[in-house]
Amino acid sequence: MDRLVYTAMSGLRSQMAAQSTIANNIANASTIGFRAERVNFDRLVLQGQGLETRQLAAEEVEDFDRRAGTIVQTARPLDVAVTSDSWIAVQAADGSEAYTRRGDLSVAASGVLETGDGFPVMGSGGPITVPPHQSIAIAEDGTVSIVPLGGDPTQPQAIDKIKLASPAGSQTAKGLDNLLHVKGGGVLPEDLDAKLASGALEQSNVNLTQALVDMIENQRSYEVQASLLKEAKTMDESAASLMRMPA
């Protein structure tokens with residue numbers, strides 16, 4: 001009886017967590033540069049006398065889908081898409097360096113170049129600050145150039161270069177902020193061969209059709225676990241009824 005209850009309860013928790021992850025993927029199906037998360041299910045065997053038969057379910061977001069999304073043309077000067085496996089370096093909320101594939105950039109009122117979700121873009125010496133300008137452009141290698149107010153349009157001036165970093169050979173993980181972080185801290189090395197496509201954006205790599213199928217299958221698994229819990233309750237009530245019968 002206990003084994004059935006333990007199995008059903010752990011299964012319900014795992015299915016609920018998986019459903020939350022799938023729902024988050026679906027919600028970000030149109031988010032620029034988003035990487036879909038993947039959930040791994042496993043069995044946990046309790047060790048100890050009389051416990052080895054209790055195999056619980058456990059889930060964890062083990063990684064994310066690292067495949068690139070589709071690149072679409074926008075013709076907007078501050079839209080960039082990374083065409084290699086590299087990532088755009090940004091400053092995370094805690095001040096550390098993190099990485100994103102989100103390339104819908106803009107210049108904040110403070111002059112800081114930032115991503116669509118508000119993270120400052122890192123350059124050669126920290127966040128890139130853009131002076132007042134009449135036009136701005138980002139080159140294939142990440143160099144940011146402007147034509148100053150009143151300047152000659154034929155003579156743009158380079159102000160900084162976006163840091164493009166390579167995760168190859170490093171242990172990285174996706175954080176709750178949807179940014180890529182180096183496990184244990186640290187920064188990724190700059191990829192001097194990385195290239196950007198200006199006037200383009202990389203879309204989310206979420207396969208919406210597959211995500212909906214996964215959600216339906218996960219819901220069915222949840223219903224199976226719920227049925228097991230209901231069966232355990234019925235069996236417990238039947239046993240209690242037998243115990244109450246007069247000798």
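Mentor: Buried means under 20% relative accessible area, exposed over 50%, and partly exposed in between (1.4 Å probe, protein chains only). The structure above is a predicted model, in which local features need pLDDT of at least 70, side-chain atom pairs count only at pLDDT 80 or more, and totals for chains, interfaces and linings use all residues. Residues are numbered from 1 along each chain as its sequence is written, and side-chain values use heavy atoms, with hydrogens and water left out.

Trainee: Why is Asn25 called buried?

Mentor: Because its relative accessible area is 7%, and the limit is under 20%. Asn25 belongs to helix H1, residues 2-27 (a DSSP run of H or I, at least four residues; strands are E runs of at least two, and both are numbered from the N terminus). Beyond four places in sequence, Asn25 has contacts (heavy atoms within 4.5 Å) with Phe34, Ala36, Glu37 and Val206.

Trainee: What makes Asp191 partly exposed?

Mentor: Asp191 has a relative accessible area of 22%, so the value falls in between the two cut-offs. The residue sits in the loop between strand S14 (180-182) and strand S15 (196-198).

Trainee: Which residues does Asp191 contact, and what joins the side chains of Asp191 and Ser86?

Mentor: Apart from neighbours within four places in sequence, Asp191 touches Ser86, Leu164, Ala165 and Ser166. A polar contact of 2.5 Å joins its side chain to that of Ser86. The term applies because the N or O atoms must lie within 3.5 Å, one able to donate a hydrogen and the other to accept it within protein; for residues adjacent in sequence, both must be side-chain atoms. The C-alpha atoms of Asp191 and Ala168 are 9.8 Å apart, although 23 residues separate them along the chain.

Trainee: What makes a set of residues a nonpolar core?

Mentor: Its members are buried Ala, Val, Leu, Ile, Met, Phe, Trp, Tyr and Cys residues, joined through side-chain atoms within 4.5 Å. The largest core here has 22 residues, of which Ile88, Leu105, Leu113, Ile138 and Ile162 touch the most other members. Strands S4 (80-82), S5 (87-91), S9 (133-138) and S10 (143-148) each supply at least two of its residues. A second, separate core of nine residues includes Tyr99, Ala165, Leu180 and Val182. Outside four places in sequence, the contacts of Ile162 include Ile88, Leu105, Val144 and Leu196.

Trainee: How confident is the predictor, and where is the pLDDT below 50?

Mentor: The mean pLDDT (confidence in each residue, from 0 to 100) is 84, and 76% of residues reach 70 or more. Residues 42-48 are below 50, with 17 contacts beyond near neighbours in sequence. Residues 50-61 are also below 50, with 44 such contacts.
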